[in-house]
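Hi,

Here is the structure I promised to pass on.

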Amino acid sequence: MTIASAQTRARAVVAALAAVTLAALSVGGASAALAADVVTATTSDGAGYTGPTTVVVGQTIHLSGTGWLDTAQTTGSVIGVKLDAGAVSTTGTVTNPATGATIGNKTVIAAVQADATGAWSLDLPFPTTASSTATWAAGEAHTINLLTGSLLSGDVVRSGTLTFTIVAASTGASDTVTGDGGATDTGPADPGTTDDADSGDTGTTVTHTGTEYTLASDSSVHWWVPSTVAEGEDIVISGAGWVNTAGTGGSTVAVKLDDGATPKTTLDVVNPFTDTVFANKTVFAIVTADADGEWEMTIPYPTLTSSNQDWSVGETHSITLLSGSLQTPSGTDRVRTTAAQPASFTVVKEPVTEPSWSHTTITQTDATTGSTAVAWVEDDVAAGEGSTIRIAGTGWVDKAGTGASTVAIKLNYGTGAQYTRTGDGVIEALAGSPDPTIWALLAPSNDADAPNVYTIDADGSFEITIDAPAGLTAGQFLTAQFLSGRFGVDDVSRSQTTSFLTVGGVPYTDTGTGTLPTCVPTSDTAAVTIVTPTVEAGGLLHVTGAGWCNPTAASGGSVIAIKLDEGAYSRLDTSVHANQTIWAIIEADDTNGTFDTYVQLPDGTTSGSGGSSPAFGEGAHTLRLLTGSLAAGDQSRTVLSGEFVVGAYAPGGVPDPLDAATLTSATANGVTAVLGTDTLTVTVPGASAGDWLYLMPYAADGSPRYPWLSTWFRAAAGGVVTASLSGVTLPTGDIRIAVLNGNQGETGTLRGWASLHVPEAAATTDGTSTTATTATPAPSVRTIGVSVGSTVAPTTVPASPVASDAELTAANAGSVTGTQDGTIVTILLPYASPGDWVYVYAFSDPTPVGWIAVDTDKLIRVDVAALPAGAHKLAVLDADGALIGWTAVTVAASETATTSSATSDDVADASAEAATTTGTGSGGALSAADWWFIGGGAALAAALVIVVIAVARRRPTEAAR
């Protein structure tokens, strides 16, 4: 291809504009030009299309194509035509030739249907301000976009692009493009004529932008080059003072990239002074300045389709300018070179800005970090099959603002109803955690090239086009929801839903009761009350609430998802929601945000409409109420109910430890403890027979112990509790035995405590004989598990799963999620079973910690006080040594352990010792290294509640949050 440069304006046009055309044609598989002003290209499935390379202002644009058939190859495709990727909208009406219906999307300028052979042709009127939003002028480059798939059911999804230049309606122009790629040489320009830039015509004033450079040998010569160039965008440079030897006309200037050392163009660059192709391929563009020496040129961004270059973001390149040899006769122009003064620029990512295509906007500012995330969603989506949705955004960054958020995008087709992926299209937002309700995922990386996962830049910006759900119908309900904060503790929690998107050109209309009222809550905070605290399996649980208003005006009450025991029980079908851990969905009153409802509980079986997985058992349970994703504009909330009891009540799990400082003489309450050979007898004044009690020893250093794991005791007459010491290890020395309440509604409160002296020889017993336990300078890691399954830890220490913490990435984070409260990290393993043994490594450098059994709530808890101040990661391995996942933790300088000088070697020694225990603690006071594992329980503190929710939201079928 040859492009000759017109010299009819003082501000020169760059001959190398040919690169823009070639780059655009290459996308569609462009072949060589067939004629002087026509080019033919093919789509990815082989459909051909032909159009002009130049369009005269005001004249019709003729297009044609062959091979455009539907999927069955029996019917001609319906081709929609857009200009400049949808930047131009028509002011008229365009009809779908297949259905006769008006096409609502105004960016479709025309539509044509191919015949039975796939052939078609179209004469497209030149767009004017009377017929469109276009304001095209001579000298501009524009594109025609041909698209199929959404205008005909069963059509092939394909696209093709043609690029052309607008030229003035005049005759005698010497600039032509020939089919064989050669230039039409009209002979050397006459410096004395008024047709050329060197003739003295000053023309349009050039606006110089970028960094200014001045030629060292001639201070009258200047040039301007940008310091950054956006990836894929053309490079615009300019100059002043570039006049010929006589000073009567402008110089002819050539540009090389990187001093011509390596870069070469594959295009034909025309010397505008001689109107001939320049043979030196290291020259990327040539321009002739006006009579005052002013010039501006646009250098096409080098790609592998237009050069031998493949530039990447972050690279630095340079521009060198030369003049003197491009004008004839020899000596006409001044010899100059800027080689000694290279003008450098850096390739940067093109900034994402508000798009020109029609869109709706959502914005959320985080109150803690002050960061604002914005997303733009195409608001006119084509109906039928094969349609797409364009989405762009900025500001989606983590709490530190140094990395991108991971953002789930969900598409809603009704209140609480979300489209779901199937098969290989299901996204695993975290390893091993597929979520079919996530339609697309924005992630900092996608090394595995997972389907429907898109990369988001480190600055939180993105521009993507996703497939729309199949079978969209005109006027249907469709919204898009954006959620972040689900996939890492360092991310910002966000939940925003768009307004209704227009489908098939028809806006959504609520066919129900009309506009909802603006809800005025009766309570400042959302609350829930269990009215019937005792109920049978399969019975109706009476629940009331207040403060559940959708904060968006005219949106009524909130739509609330209800889970049982943090999502521990799943429905056996999707009759309520695609996320089967959502047991019920209720709606608050539209006027005041209250509700009074009955929730039918699982019937205790694993089959039928009332069954659950696993079977719903007797004992204490809770509800988790969630809002934010089931109604547009709703607030993201999570509220835990009080307990209710199914059947006979019994507390479960390990209670949270109390602060040792609360164990004072005023709180002892007369409790006594007597250590026997095989039992510990504790008497609790005021306790009645049948009261539930938990015994929690506190070592001499004030650290709580869990020798009876999750076992709760029932008081006998007189408030006496007799606890077996079989297989139990008590801390030695002067300790305290705290008694915690387990009665319904009072779980975890202190009943009293007693002092007890435990000699070393009596600390451990197997039930038949006493075995001494010796404290060591490097204390063992205490592993607290549950009385489920095997209580014997594996005897080997698995190898570190990675060499360094840098290899612990989002790709292998798994379903592990941790929440930190001071130095206490609670880790939930949603796919582990109670009693499973897991091994923990601490990073930055791999430090083996030890084995711990997962408790009945699928939790382990770790005290990270032994780690130095700073950021760390805890990796969790299964019993076979395979990585389950990891979670990030931070240790503040004020939180580092001061009770011992344990080193990482101490921890490693301790973990090896722990591997030989039977799930009980070591004797002696706990040091920082000693106090890694502190168990888990069902009586959860606020921070633990949060982490359970975060993980529940990442269950395989999660959608509500």
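Where does D234 lie? D234 sits in the loop that runs between β13 (228-230) and β14 (235-240). (Helices, H or I with at least four residues, and strands, E with at least two, are DSSP runs numbered from the N terminus.)

Before I go on, a word on what you are looking at. This is a predicted model, in which local features need pLDDT of at least 70 and side-chain atom pairs count only at pLDDT 80 or more, while totals for chains, interfaces and linings use all residues. Residues are numbered from 1 along each chain as its sequence is written, and side-chain values use heavy atoms, with hydrogens and water left out.

Back to D234. It is partly exposed, at a relative accessible area of 32%. (Buried means under 20% relative accessible area, exposed means over 50%, and partly exposed is in between, with a 1.4 Å probe and protein chains only.) Together with E233, E350 and E463, D234 forms a patch of negative charge on the surface. Patches take residues with over 30% relative accessible area and no salt bridge, joining like charges within 9 Å and nonpolar side chains (Val, Leu, Ile, Met, Phe, Trp, Tyr) within 5 Å. Asp and Glu count as negative and Lys and Arg as positive, with His and the chain ends not counted. The place of a charge is NZ of Lys, CZ of Arg, CG of Asp or CD of Glu.

Now the overall picture. The protein chain has three helices and 65 strands. Of its 961 residues, 52% are buried. Looking at contacts (heavy atoms within 4.5 Å) with a separation of 6 or more, 68% are between residues 24 or more positions apart. The chain exposes about 37200 Å², with 53% of that supplied by carbon and sulfur atoms; the areas come from the Shrake-Rupley method with a 1.4 Å probe, and for residues only the protein chains shown count as cover.

Next, the charged pairs. Side chains of opposite charge can pair when their charged atoms come close. With a salt bridge taken as a side-chain nitrogen of Lys or Arg within 4 Å of a carboxyl oxygen of Asp or Glu, the count is nine. Here are some of them:

- D45 and R158 meet at 3.0 Å, N to O. D45 is in the loop between β2 (38-42) and β3 (48-52) and R158 is in strand β10 (residues 158-167), so this pair ties together parts 113 residues apart in sequence. D45 is partly exposed at 39%, whereas R158 is buried at 5%.
- D268 and K281 meet at 3.1 Å, N to O. D268 belongs to strand β16 (residues 268-271) and K281 to the loop between β17 (276-277) and β18 (283-288), so the parts tied together are 13 residues apart in sequence. D268 is buried at 18%, and K281 is partly exposed at 27%.
- R637 and D634 have their closest N and O atoms 3.8 Å apart. R637 is buried at 9%, and D634 is buried at 6%.

Two other spots to look up: A673 is in strand β49 (residues 672-675) and is buried at 15%. Its C-alpha atom is 5.9 Å from that of A754, 81 residues away along the chain. Leaving out residues up to four places away in sequence, A673 touches several residues, including L680, I737 and A754. D447, in the loop between β31 (440-443) and β32 (453-455), is exposed at 73%.

Cheers
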